[in-house]
Amino acid sequence: RRQRQMCIRDSVGISEDIHERVTKFVSIVGKGKISIASYVDNIINEHFNAYAAEIKTAFDEGLKSYRL
């Protein structure tokens, strides 16, 4: 898998429970080779890829309400 460069560093709020689960998973499975930020970035990227058609439809419908 191609590694994407992390260029924008913004905070994202997640629950303490999710943070603990992700931290444990990344440290155990990632064996120190992946950061939490990279893991979350990969999850979001996979979500966008898996739901590209649905996301495009929702976006297009949202644009219609702006009447651009």
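Student: Which helix gives the largest share of the lining of the largest pocket?

Tutor: That's H2, with 6 residues of the lining. Keep in mind that this is a predicted model.

Student: OK, and which helices supply at least two residues each?

Tutor: Helix H1 (16-29) and H2 both do.

Student: What volume are we talking about?

Tutor: About 450 Å³ for the largest pocket. Its lining has 15 residues, and the closest to the pocket centre are Asp-10, Val-12, Ala-37, Val-40 and Asp-41.

Student: How does the lining divide into nonpolar, polar and charged?

Tutor: You get 11 nonpolar residues, 1 polar and 3 charged.

Student: Switching to helix packing. How do the axes of H2 and H3 cross?

Tutor: The axes of H2 (residues 36-50) and H3 (residues 52-64) cross at roughly 80° and come within 5 Å of each other. Angles of 65 to 115 degrees count as roughly perpendicular, so that is the label for H2 and H3.

Student: Which residues make that contact?

Tutor: From H2, it's His-47, Phe-48, Asn-49 and Ala-50; from H3, it's Ala-52, Glu-54 and Ile-55. By class, the H2 contact with H3 has 4 nonpolar, 2 polar and 1 charged residues.

Student: Last topic: how many salt bridges does the count come to?

Tutor: The count is 3. One of them joins the side chains of Asp-17 and Arg-21, at 3.9 Å from N to O.

Student: How far apart are Asp-17 and Arg-21 in helix H1?

Tutor: They're 4 residues apart in H1, so about one helical turn separates Asp-17 from Arg-21.

Key
Residues are numbered from 1 along each chain as its sequence is written. This is a predicted model: local features need pLDDT of at least 70, side-chain atom pairs count only at pLDDT 80 or more; totals for chains, interfaces and linings use all residues. Side-chain values use heavy atoms; hydrogens and water are left out. Axes are lines fitted to C-alpha atoms, for helices over the stretch in contact, and angles run from 0 to 180 degrees between N-to-C directions. Angles under 35 degrees count as roughly parallel, over 145 as roughly antiparallel, 65 to 115 as roughly perpendicular and the rest as oblique. Contact means heavy atoms within 4.5 Å. Ala, Val, Leu, Ile, Met, Phe, Trp, Tyr, Cys and Pro count as nonpolar, Asp, Glu, Lys and Arg as charged, and the others, Gly among them, as polar. On a 1 Å grid over the protein atoms alone, a cavity is a set of points where a 1.4 Å probe fits but cannot get out, and a pocket is an open set with protein on both sides within 12 Å along at least five of seven lines; lining residues have an atom within 4 Å of a point. Grid points are joined across faces, edges and corners, and a volume is the space filled by probe spheres set on the points. A salt bridge is a side-chain nitrogen of Lys or Arg within 4 Å of a carboxyl oxygen of Asp or Glu.
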